[in-house]
Amino acid sequence: MSLPHAILTALLEKPSSGLELTRRFDKSIGYFWSATHQQIYRELGRLEQAGHIRALPAPVPVRGQRKEYEVLPAGRAELGDWVARSEDPKPMRSALLLRMRAAAMVGATGLGPELERHLALHREQLAEYLAIEAKDFPAERRSTEPDRLRHLVLRGGIDLERFWVEWLTGALVELDREE
C-alpha cells in the first residue's frame, strides 16, 4: 500500500530513473520502507498508468535509454491525500521475539549468540544513523520544515536503534542470569 507513496516522495525530492530510485532507497527511504528493484520498476509502471508520474522526454531518443520520472499534479495530490489520511499502527512482527517465545518452550540453547549478533547489528545501524545525523542534519541545517521533518524521521530510527541496543543488552543479562 505505501510503496507507491514512498516512490512519489522520492520522485518529488528528485526526478530519477528506476535504477537511481533503487540506489536512493538503499540510502534513505529503504531504512524504514524497503523495496526490491523489481518492485520499484513494477510500481513505476502502475504510477505512470494511473497518471501520477511521467517519464521525462529524453534529449535525444535512444533505444534502451533509461527513463527518468517526475511526479505529475495528480501524483502530488494523491501523496497529499495519503499524508492526511489516518492509519492505525500495524502490529510489530519480529522473528527474534517469536524465537525467544519458542525458546521458553523448548529451551534457550543457542539463543545467546543470536541475541549478541542482533545487538551488534543494531549497534552498527545506530552508529550509521548517528553519522548521517552529524553529516546531514547539524542544528543550523534544520531551519526549514522539510529539513525538520526529515530529521524527525531519522531521529525515530535513532531512537528505535537505541531501544533495541538497550533491550538486547538487558535480554542478554537476563538470559545469563542463574536461577
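How many salt bridges does the structure hold? The structure holds 13. This is a predicted model.

- Arginine 24 forms a salt bridge with glutamate 13. Their closest N and O atoms are 3.5 Å apart.
- This pair links distant parts of the chain, 11 residues apart. Arginine 24 sits in helix H2, which covers residues 18-27. Glutamate 13 sits in helix H1, which covers residues 3-13.
- Glutamate 13 has 43% relative accessibility, so it counts as partly exposed.

- Glutamate 70 forms a salt bridge with arginine 54. Here the closest N and O atoms are 2.4 Å apart.
- Arginine 54 has a relative accessible area of 37%, so it is partly exposed.

- Arginine 99 forms a salt bridge with glutamate 114. The closest N and O atoms lie 3.7 Å apart.
- The two residues are 15 residues apart and link distant parts of the chain. Arginine 99 is in helix H5 (residues 95-106). Glutamate 114 is in helix H6 (residues 111-136).
- Glutamate 114 is buried, because its relative accessibility of 18% falls under the 20% cut-off.

**A salt-bridge network**

- Some salt bridges share partners. They join Glu13, Arg24, Asp147 and Arg150 into one network.

**Aromatic rings**

- A search of the whole structure finds 3 aromatic pairs.
- One of them joins phenylalanine 163 and tryptophan 164. The pair is edge-to-face, with 5.1 Å centre to centre and 70 degrees between the planes.
- The two residues differ in cover. Phenylalanine 163 is partly exposed, at 42% relative accessibility. Tryptophan 164 is buried, with a relative accessible area of 14%.
- Tryptophan 164 also pairs with tryptophan 167. Their ring centres are 5.6 Å apart and their planes meet at 85 degrees, so this pair is edge-to-face.
- Both tryptophan 164 and tryptophan 167 lie in helix H7. They are 3 residues apart, about one turn of the helix.
- An α-helix has 3.6 residues a turn, so residues three or four places apart point the same way.
- Tryptophan 167 is partly exposed, at a relative accessible area of 29%.
- Ring pairs link Phe163, Trp164 and Trp167 into a cluster.

**A nonpolar surface patch**

- Which residues make the nonpolar surface patch of about 310 Å²? They are Phe32, Trp33 and Val153.
- Valine 153 is found in helix H7, which spans residues 145-176. Its relative accessible area is 45%, so valine 153 is partly exposed.

**The sheet**

- The sheet is open and has 3 strands, in the order E1-E3-E2. Their pairing is antiparallel.
- Strands of a sheet pair through backbone hydrogen bonds, either parallel or antiparallel.
- Which are the edge strands? They are E1 and E2, and each pairs on one side only.
- E1 and E3 run antiparallel and are joined by 2 bridges. Serine 16 has tyrosine 69, in E3, as its bridge partner.

**Buried residues in helices H2 and H3**

- The buried residues of H2 are Gly18, Glu20, Leu21, Thr22 and Phe25.
- What covers the buried residues of H2? The cover includes H1, strand E1 (16-17), H3 and E3.
- Glutamate 43 lies in helix H3, which spans residues 37-49. Glutamate 43 counts as buried because its relative accessibility is 11%, under the 20% cut-off.
- Glutamate 43 is in contact with Leu3, Pro4 and Ile7, leaving aside its neighbours within four places in sequence.

Terms used:
Residues numbered from 1 in each chain as written. Predicted model: local features only at pLDDT ≥ 70, side-chain atom pairs only at ≥ 80, totals over all residues. Heavy atoms only, no water. Salt bridge = Lys/Arg side-chain N within 4 Å of Asp/Glu carboxyl O. Helix = DSSP H or I, 4+ residues; strand = E, 2+ residues; numbered from the N terminus. Buried < 20%, exposed > 50% of the residue type's maximum accessible area, 1.4 Å probe, protein only. Patch = residues over 30% accessible without salt bridge, like charges linked within 9 Å, V, L, I, M, F, W, Y side chains within 5 Å. Areas by Shrake-Rupley, 256 points an atom, 1.4 Å probe, with all protein chains shown as cover. Phe/Tyr/Trp six-rings, centres within 6.5 Å; stacked < 30°, edge-to-face > 60°. Contact = heavy atoms within 4.5 Å. Pairing = 2+ DSSP bridges.
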